[in-house]
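This briefing goes through a predicted model. The points are grouped by topic and are meant to be read with the structure open.

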Amino acid sequence: MQDKAKAGKSSNLIRGATGDWEVVVGLEVHAQVASKSKLFSGASTAFGAEPNSHVSLVDAAMPGMLPVINEECIAQAVRTGLGLKAKINLRSVFDRKNYFYPDLPQGYQISQYKQPVVGEGEVVVDVDGVALKVGIERLHLEQDAGKSIHDQHPDYSYVDLNRSGVALMEIVSKPDLRSAREAQAYVSKLRTILRYLGTSDADMEKGNLRADVNVSVRRPGEPLGTRCEIKNVNSIRFIGQAIEAEARRQIEVLEDGGRIDQETRLFDAAKGETRAMRSKEEAHDYRYFPDPDLLPLELTKDYVAKLERGLPELPDEKRARFMKAYGLSGYDAGVLVAEKERGDYYELMVKDGAEPKAAANWLINEYLGRINRPPMDWLVQWSTPIQRPWPVATMGPISPSANSAIVQMVSSGEISGKIAKELLEISWELGPDADPRAVVVERGMKQVTDTGAIERAVDEIIALNPDKVAAVKAKPTMLGWFVGQVMKASGGKANPAAVNEILKRKLGI
Ligand code: MN
């Protein structure tokens, strides 16, 4: 990746009717902490349970109940801070953020306000091959609220408190992003880091990663404009669409001589536009104050150091290692480390004997394409609870060692590249226990390098096509037709290099 500064001025400007505009974006990402129980109670955090089946007396805010901090949630927040190369604050404080809403039985949310557990950090994002450093302002811990359900009954709304009290990490970026693409790349990198760390599943479909998107526009070089906050955007695609729609709206207002009011807005995905939710005049006064039921959180340096020693290899480090150890390009290494399972799978292929560059090419250009090509019914077929040494749901039904064997057979000339693709399809159907070496033997798929057999096929085709033989002497590019005929006659198994050589010799060109 190049450095952003070296790549020259950002080409992210938006053309308005009266000149260029720059969009400025900052994100507040809420990531659900990966932990078995909630932030201040022992109730389960399992997804998809019967409504109100995972609710302790604390989560329901029964009078007299006291919160007890879940140490695992603290450790997860600190690990995340370390993964974001951020400052860990040894002393942090839980505050009460007071507001009234039916899904918030306490009447306040416990959240870290003035003194968060994690301070400033940094995430390096790859935007079209250019490295962009995005500042992290802070990370704080807070409780999630319950969920209001409005579609079960015409006259009533219901409340499900399963989510009430679940631990969230709110990760606040600096306003360092200048386009929808940059914001999308940032969220996707953040998601990768959280998954590597194991501190959040970061699954947007389950709602355990949600973003509040702050957008403003300005003329290049001018001070920051007034920002609007788009609440709770729940997919990377929608984050991009919301930023583009909101930037366009603000530019139109300003070019018409209006002004932007600071307000909270919602993104309507069906209409592709944002609309006002509440303005600053109606904004809540949350009356923050330290929660008297909770002591300040005090961590020791030793505790933080111990967590730091236990951190796994993170994507940036893994990418650098792949480039150095396996001689991969930055792009290829980046594709392989984008998902932790993918990088692990790749290394299993190499460990099984595949040449590193050939394995990377095969995985990226052939196998990932196969995994992502619809129909996806294999997901149901092979994602059985049987334990495999690789995650079938993300890496498909073929084992790393089977893919490694295919790559090795191509490298050694045992099979052609064309046959390798056929072998992939056959192995795919056979599933996790497929043995491509056995398939090659059983089905006679070995590449024919026996020049005697190739010569016989060449002689036959020359004898049958005297007109084409005359033509190719005048026009040597016609040789391709002969190669095709010989390959067809051999069922795709003839070694193409040998076919070419023998044809040229026999045709005298
Ligand atoms: Mn929040």
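Gln-485 is placed in helix 16. Its relative accessibility is 26%, so Gln-485 counts as partly exposed. Between Gln-485 and Tyr-101 there are 384 residues in sequence and 75 Å in space, taken from C-alpha to C-alpha.

**Helix 16 and its partners**

- Helix 16 covers residues 479–489 and helix 17 covers residues 496–507; their axes come within 10 Å and cross at roughly 125°.
- That angle makes helix 16 oblique to helix 17.
- The crossing in which helix 16 passes helix 17 is right-handed.
- On the helix 16 side, the residues in contact are Leu-479, Phe-482, Val-483, Val-486 and Met-487. They meet Pro-496, Val-499, Asn-500, Leu-503, Lys-504 and Leu-507 of helix 17.
- Helix 15 (residues 466–474) also packs with helix 16: the two axes come within 9 Å and cross at roughly 140°.
- Helix 15 and helix 16 are therefore oblique to each other, since only angles over 145 degrees count as roughly antiparallel.
- From helix 15, Lys-468, Val-469 and Val-472 meet Leu-479, Trp-481 and Phe-482 of helix 16.

**Helix 6 and helix 8**

- The axes of helix 6 (residues 330–337) and helix 8 come within 10 Å, with a crossing angle of roughly 60°.
- Helix 6 is oblique to helix 8 as a result of that angle.
- The crossing of these two helices, helix 6 and helix 8, is left-handed.
- Helix 6 contributes Asp-332, Val-335 and Leu-336 to the contact, and helix 8 contributes Ala-360, Asn-361, Leu-363, Ile-364 and Leu-368.

**Domains**

- The chain is divided into domain 1 (2–280), domain 2 (313–442) and domain 3 (451–507).
- The C-alpha centres of domain 1 and domain 2 are 35 Å apart.
- Contact between these two domains involves 9 residues of domain 1 and 10 residues of domain 2.

**Nonpolar cores**

- In soluble globular proteins, nonpolar side chains tend to be buried together.
- The largest nonpolar core here has 107 residues, and Leu-27, Tyr-186, Val-213 and Tyr-346 have the most contacts inside it.
- Helix 2 (residues 180–197) supplies the largest share of this core, with 10 residues.
- Because domain 1 (2–280) and domain 2 (313–442) both give residues to this core, the core lies between them.
- Another core, of 17 residues, lies apart from it; among its members are Ala-494, Ala-498, Ile-502 and Leu-503.
- Val-213 of the largest core touches Val-25, Gly-26, Leu-27, Cys-228, Glu-229, Ile-230, Val-233, Ile-239 and Ile-243, when residues up to four places away in sequence are not counted.
- Leu-27 is therefore among the contacts of Val-213 and, like Val-213, is listed with the most contacts inside the largest core, which lies between domain 1 and domain 2.

**Backbone details**

- The peptide bond that runs from Pro-374 to Pro-375 is cis, and its omega is near 0°.
- Pro-375 sits in the loop between helix 8 (356–372) and helix 9 (378–382).
- Asp-128 is not a glycine, yet its phi is positive, near 50°.
- The loop between strand 7 (121–127) and strand 8 (130–143) holds Asp-128. With a relative accessible area of 59%, Asp-128 is exposed, because exposed means over 50%.
- Asn-232 likewise has a positive phi, of about 50°, although it is not a glycine.
- Asn-232 lies in strand 13 (residues 228–233). Its relative accessible area is 45%, so Asn-232 is partly exposed.

- Ser-37 is in the loop between strand 3 (19–32) and helix 1 (71–83).
- Gly-16 and Ser-37 are 21 residues apart along the chain, and 50 Å separates their C-alpha atoms.
- Neighbours within four places in sequence left aside, Ser-37 is in contact with Gly-42, Ala-43, Thr-45, Asn-70 and Cys-73.

Key. Residues numbered from 1 in each chain as written. Predicted model: local features only at pLDDT ≥ 70, side-chain atom pairs only at ≥ 80, totals over all residues. Heavy atoms only, no water. Core = buried A, V, L, I, M, F, W, Y, C linked by side-chain atoms within 4.5 Å. Buried < 20%, exposed > 50% of the residue type's maximum accessible area, 1.4 Å probe, protein only. Helix = DSSP H or I, 4+ residues; strand = E, 2+ residues; numbered from the N terminus. Domains from an automatic or database assignment. Contact = heavy atoms within 4.5 Å. Axes fitted to C-alpha atoms, helices over the stretch in contact; angles between N-to-C directions. Parallel < 35°, antiparallel > 145°, perpendicular 65-115°, else oblique. Left-handed = near helix turned anticlockwise from the far one by under 90°.
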